[in-house]
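Hi,

Here is the model I said I'd pass on.

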Amino acid sequence: VTTAAMAGYPEKPIRIIIPFPPGGTTDTVFRTVQPYFQKAIGQTVVIVNTKGGGGSVGTIEAIRAKPDGYTIGTLQTNTMVAMGVGTLAHFVAKMMENSLGTPLKLVNAGGGAKKKAAVLGGHVEAMIDPPPGAMGAHKAGQLKMIAVFDTKRLDALPDVPTAREQGVDLLAYQTKGFFVPKGTPDSVKKVIADAMCSLNDNTEMQAKLAKLAVVWSCKSGDAYVKYIDGIRQDVKKVAKQMGY
């Protein structure tokens, strides 16, 4: 694909592959962004859900897609590492153990829904999960969120203190983003990145995401690569400590 051939991009609908079933946290977040991105890029944007391999099936499909800008993959921190034992939640639990200086018994109860069921059923005492996955049950009084691993309290959860407020120096984030297959022309990548980052000024979309306890901050190009590499290095340190 040449830059000249892509001069009119985008000329047809764009697919965004979400490597998880509909209705989950990742799906909800990207579907919130979809109509705003669609308007910004000036073309129909279709969300396609896949499942399997803890997100790896859909991620691989996006990686192997034709590099023409019409298939966009979605990236979340937990797809950077293996699922189950070795997930981001597992590594964050180990980080918390290090910060507390107290041994914790870590149990692999499964994905978000299974973890929540295990807590609600009294089979485990606590879980680590992104705020959107637990805030509904917290607000309904089914479980109690005791800490967020951020520098300040979340606007959507003002009653939940940070770990730092409670004497535990721990910051942890689940980041989400977009990628295109290797070989996609720079001109096309720029159109996509510019459309995405224009949403930094979209207060309506950001207000909707804030209700999901999600903070939007668009990074692109080298800045995004540097950000992701920083997270990867932090995870590698803990993974090495855990014997991976």
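Below is what turned up, starting with the sheet.

First, the ground rules: this is a predicted model, where local features need pLDDT of at least 70, side-chain atom pairs count only at pLDDT 80 or more, and totals for chains, interfaces and linings use all residues. Residues are numbered from 1 along each chain as its sequence is written, and side-chain values use heavy atoms, with hydrogens and water left out.

Four strands make an open, mixed sheet in the order β2-β1-β3-β4. (Helices, H or I with at least four residues, and strands, E with at least two, are DSSP runs numbered from the N terminus; two strands pair if DSSP finds at least two bridges between them.) β2 (45–49) and β4 sit at the edges with a single partner strand each, so one side of each has no neighbour in the sheet. β3 and β4 run antiparallel over four bridges, and Leu-75 stands opposite Gly-177 in β4.

Cys-197 and Cys-218 form it, with their sulfurs 2.1 Å apart, and at -65 degrees about the S-S bond the link is left-handed. Cys-197 is partly exposed at 21%, while Cys-218 counts as buried at 18%.

Cheers

Conventions:
Disulfide = S-S within 2.5 Å. Buried < 20%, exposed > 50% of the residue type's maximum accessible area, 1.4 Å probe, protein only.
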